[in-house]
Amino acid sequence: MNIFRLAGDVSHLVAILILLMKIWRSKSCAGISGRSQVLFALVFTTRYLDLFTVYISAYNTVMKVVFLALSYATVYLIYMRFRNSYDSENDTFRVEFLLIPVIGLSFLENYAFTPLEILWTFSIFLESVAIMPQLFMITKTGEAESITTHYLFFLGLYRALYIANWVWRYHTEGFYDQIAIVSGVVQTIFYCDFFYLYVTRGEEIRTPSSIAYLPR
């Protein structure tokens, strides 16, 4: 494992922990898209179906279990524990507009026409667009707490580091995964405008005037 892969995994984990801590400490999930979190839980579920059939390393197994557990914990807090604070009126992104194309692409573009491979491909494609309901919600409400922007920053950093990981693996191992790379690039593009605002404006990004410039 190279440093880019490890740093990417850490960034991904930090992003999820930031979100969980925000919900737990504030006893509120206001400003958080439950739809995005359900999509991420679906991503991990369909990607890690091989958890008990394929062993790669202890690290790989532990990280799979951790991401699955944390994603479902987040969904539980939003829709069960703190459901009274969930802003369902503004979390209205039509997820079928994401799921239908992703399902279609998964059947058309995959490495093997088997259930596990199709579901793995589905998870890769879905992850690239799963954040869209959250970005849509921020744009719609014109509000975002700084903790939520930190969550988005670390998610974007995770994808950017994974691109560096793929470049490194191509040059050192000759490894090339077209589906993962294309999807990762697409996902990173969604964060580019947000990255710029995060770095140049800092705390100002949480004000309504700044949110007006978030990706639409």
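The model is predicted, with local features needing pLDDT of at least 70 and side-chain atom pairs counting only at pLDDT 80 or more, while totals for chains, interfaces and linings use all residues. Residues are numbered from 1 along each chain as its sequence is written, and side-chain values use heavy atoms, with hydrogens and water left out.

The protein has nine helices and zero strands, where helices (H or I, at least four residues) and strands (E, at least two) are DSSP runs numbered from the N terminus. Two of the listed regions can be followed directly on the model. Residues 62-80 are 100% helix, with end C-alpha atoms 26 Å apart, and residues 150-168 are likewise 100% helix, with their end C-alpha atoms 27 Å apart. Of the 216 residues, 46% are buried (under 20% relative accessible area, with exposed over 50% and partly exposed in between; 1.4 Å probe, protein chains only). Counting contacts (heavy atoms within 4.5 Å) between residues at least 6 apart in sequence, 75% join residues at least 24 apart.

Glu127 belongs to helix H5 (residues 115-129) and has a relative accessible area of 3%, so it is buried. Beyond its neighbours within four places in sequence, Glu127 contacts His12, Phe40, Val43, Arg47, Tyr158, Arg159 and Gln187. Residues up to four places away aside, His12 touches Phe44, Phe67, Glu127, Leu155 and Tyr158.

On a 1 Å grid over the protein atoms alone, a cavity is a set of points where a 1.4 Å probe fits but cannot get out, and a pocket is an open set with protein on both sides within 12 Å along at least five of seven lines; lining residues have an atom within 4 Å of a point. Grid points are joined across faces, edges and corners, and a volume is the space filled by probe spheres set on the points.

One cavity of 30 Å³ or more is found in the whole structure, and the largest cavity holds about 80 Å³. Its lining consists of His12, Ile16, Gln37, Phe40, Phe44, Ser71, Thr74, Tyr151 and Leu155.

The largest pocket has a volume of about 1100 Å³. Of its 39 lining residues, Arg5, Arg47, Asn60, Trp120 and Tyr162 lie nearest the centre. H7 gives the most to this lining, with eight residues. The second largest pocket, of about 310 Å³, is lined by 15 residues, with Leu105, Phe125, Ile179, Val182 and Ser183 nearest its centre. Here the largest share, six residues, comes from H8.
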